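Hi there,

Here is the structure I promised to pass along. My notes on it follow below.

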Amino acid sequence: MDYEIVIGLEIHTELKTNSKIFCGCSTKFGSEQNTNVCPVCLGLPGVLPVINEKVVEFAIKAGVALNCEILPFSKFDRKNYYYPDLPKNFQTSQYDLPIAVNGHLDIEVNGETKRINITRIHMEEDAGKLVHSGATISSSDSALVDYNRTGVPLLEIVSEPDIRSAEEARAYLEKVKAILEYLDVSDCKMEEGSLRCDANISLRPHGQAALGTKAEIKNLNSFRSVQRGIEYEVIRQEEILDDGGRVIQETRTWDENKGITASMRSKEQAHDYRYLPEPDLVPIVVDPARVAEIRANLPELPDARRQRLMNNYGLSEYDAGIITSSKAVADYFDQSVQNNGDAKVVANWLMGEVSKHLNSEGITILDCPVSPKQLTELLTLIEKGTISNKIAKTVFEEMWTSRKDAEVIVKEKGLVQISDSSEIVAIVESVIAANPRSVADFKAGKDKAIGFLVGQIMKQTKGRANPDMVNTLLRERL
Amino acid sequence: MELFKHTASQLHEKLVAKEISAVELTKAVLGRVDAVDKNVQAYITRTSETALAQAQAVDSKIQRGEKVSVLAGIPGALKDNICTKGIKTTCASKILATFVPPYDATVAEKLAAVDAVILGKANMDEFAMGGSTENSGFFPTHNPWNLETVPGGSSGGSAAAVAAGEAIWALGSDTGGSIRQPAAYCGVVGLKPTYGRVSRYGLVAYASSLDQIGPITRDVTDSAHVMNIISGYDVKDSTSINTGVPDYTKSLVNNIKGLKIGLPKEYFVAGMDVEVERAINKAIEQLVALGAEYKEISMPHTEYALSAYYMIAPAEASSNLARYDGVSFGHRVEGNDIIDMYKKTRSEAFGAEVKRRIMLGTYALSSGYYDAYYLKALKVRTLVKQDFDKAFEQVDVLITPTAPTTAFKLGEKTNDPLAMYLQDVCTIPVNLSGVPAISIPCGFAAGMPIGMQIIGKPLGEETIIRAAYTFEQNNDYHKGFAPLREV
Amino acid sequence: MKITCKDVANVALLSRLEFSESELETFTGQMDAILEYADVLNKLNVDNVQPTAHVLPLRNVMRADEAKPSLSRELALSNAPEQEDGYFKVPKIMEG
């Protein structure tokens, strides 16, 4: 049977603050275990939390950018459950009055625009990290706990079950990520866990209004795993339903290596989080004027930037979309253009050579060894005729590894284009003399033969001869 | 008179006049502890060495002619739920028997800043849950007025220490009456400040929306002095009030002319000791004779306060006490896996009353019961608070007994939790409303002290101190010293 | 009865406490008495009453986003029942 796929995403993103949400410990990633901890984030007896104002500001920013309503009165609550990565055995989060509600985001999939509604955005603290010796945590005899991440501020962005395919889920996640990056509120590094995603997935026969029973998939730690995890889960549920079975409401974890989802159901009874208002924190009241001010000062967001690239530089919607899907790439583009680079040429290089090299090394543009200024200088050499497009690719290769400027490489390697006509004439004449057969062929009307002669000239000049001049001079001599 | 029988303000005069030294005073009180604590059992941890070093430092300052605070060099005790850096803080629980905080509570920092001498950490009901100090995980404390009776609780160790001359002053904490009721039972002065007046940072939480630290002293004057030191805004406590602290000693004025006193009739509950009722009525007459205006008022939701409290406090406690799990600090009992370890640790190391309240609170918050119990209790809390708001439109202070009876016998109520809870009936509404209240001695019944509670408006500490001081100056109940034999 | 042994057993599980049969019975009896007493709350109509979670009228108490020194790792681990290589060590974890 053909089912409708219903997906809701819960995105967790760590906020880019200096200090944790409720204490002054650093949020720095990668510190030695248990060195960014204090009595407050260790949950020692007697400690009290104090809200980091930046977290609230970032949450409002994200709320506004995701078209949410910012609640004028919001509060923190305790979510109670026992787990060793949670020192207090409750997570300070927001329950019935989150900071932002009722938002939406428009995504494009296969050329069509679709609106995904956002239920809510709330602030909460992250948990610590468990390290285990065995293959999985359950198969290890013991575990080690590092509380550095405990109390790092998180936003949880919960979508409505409006997503209908793995592609849509991926597009939505990519767009949320791009917006958070543009707002500069999160690093959104999925590989470091600063952006994480859980998916609620259910199926229902087309036309049925009621939702099917859902499974929650955790541990979707990359765009690839979001897509693969959802695709797997859809097939799993389809098979169950086709066999006349029932999907069990449960939490499942995505196993990237095996490419499957597996049940996390424990023998303990279902969670009962016993939320209660956090008595150690007072409510947050947001003045509409503050929201208006934040709205007015929002940075340019991906959709606006894409439009600007199309309008100002005549880029295609597709190209502009690719460039603006990452703030860092778009920034690289803008900086290159500001250095007098030709926008379309920059765009081609970004999506061509630059992107090819980044992908093969598995790094992001933030770690690109060639700076926007260096790239523009390279492109200027082409424009001035100092080097050909083909030589430029060789130079770029060299820039990537040596980090030297294009001009230096061109000089060192003697790659300057030969545009001196007397020098080229000498070579053209010698090639004509050495290849009488090709000359005869050409004169007999075989136009292709000229290609061979050009090739010979380029070979002798190691590609440095100005191609236009070679063509003109050759045809004159013939 | 022996040094340990004096008040802090009296001893301060002697120190600055160089009649005595702080070391001499500290040794005298330490000697008293040696002589009587075997019977009273007020202390869990004693810090005699550091106390003498602190006293020595104060003597040097006085020798150098430096100005010192009223509490400088004066030995006191801290309830053992107030965190002290490098000094064991147990909450009288086996689960924290070896816990040494790596940080100081804000009040501990403030006391250190004025060179107060700390003799040790006082016994209490485990995690401040109880009204007799019999729930201590280690041993019960005895009432210095009669060793067969309880000192009250949960700050029983603090109150008994002050009453027995084992400390000149002490800090307690009050969630439902835990400063005032033991102060009443032990014949001393206990003040619960307005919620938010004193920082809770470093006070091990029982019920966070109700807990407040306050002084237990021999007289109202000392209470005002200690309040001056411990009160004030703290950036580490989001629920602390950010307004200036008045000089509470300016309220030590023997004059209540025109003060409007309200007597809420609902506080005179069934089961109240007739001697207690008589003592309060006599005190009211006396206050009226001193110039106060008196009127009986009604606070109709009083009868619901106890039930609301026994939902709200356990609910918060169930969450606050979840962290005692054997993972990163405190006692651990090994188990087959982590859940087994949690269960064994908590079941073995928590006492019955703590478990009872965790269970009650968990139940009140659990799915299906939240609306019926916890949410309803929060709504009743609103009504109780409104009773106070309305009462204070008519009067300046409210006067009630602190507890329905005087101190009861050890073991008398240990098997009947509800009977124990009923001892808090006069004190609990005050915590639910967040207002300040003081308990002062106002008579004796069969040789045991009776406490009178004076309740004030939010941040109305000055008014209750003035009323209490006036009553005290016109009586001598506070001058009686517990007839304790040294052994 | 307001509460049964089964309810109490479930609450014990949520509270990470364990009881013997006889303890469970005692607790059930005591909790039942307390809940019976608390039933007085149901005499009141509180439908139109706002709950009070905080007595103070405080709002927006926050701190600036400044990183402060943390504890030394030695001090952070000083109360640990068990530790290894700078980590807190715990027994086997069952997922869930």
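A salt bridge here is a side-chain nitrogen of Lys or Arg within 4 Å of a carboxyl oxygen of Asp or Glu. By that rule, 1 salt bridge spans the interface of chain B and chain A: the side chains of Arg200(B) and Asp280(A) meet at 3.0 Å, N to O.

Before the rest, some housekeeping: this is a predicted model, where local features need pLDDT of at least 70 and side-chain atom pairs count only at pLDDT 80 or more, while totals for chains, interfaces and linings use all residues. Residues are numbered from 1 along each chain as its sequence is written, chains are lettered from A and ligands numbered from 1 in the order in which they are written, and side-chain values use heavy atoms, with hydrogens and water left out.

Back to the interface. Counting contact as heavy atoms within 4.5 Å, 41 residues of chain B and 31 residues of chain A take part. Together the two chains bury about 2700 Å², 58% of it on carbon and sulfur atoms (buried area is the accessible area, with a 1.4 Å probe, that two parts lose on being put together, summed over both). On the chain B side, Ser238(B), Ser319(B) and Arg323(B) lose the most area to chain A, together 21% of what that side buries.

Away from that topic, have a look at Ile179(A). Its relative accessibility is 4%, so Ile179(A) counts as buried (under 20% relative accessible area, 1.4 Å probe, protein chains only). Leaving aside neighbours within four places in sequence, Ile179(A) contacts Ala65(A), Leu66(A), Leu105(A), Leu301(A) and Pro302(A).

Best wishes

Definitions and conventions:
Buried means under 20% relative accessible area, exposed over 50%, partly exposed in between (1.4 Å probe, protein chains only).
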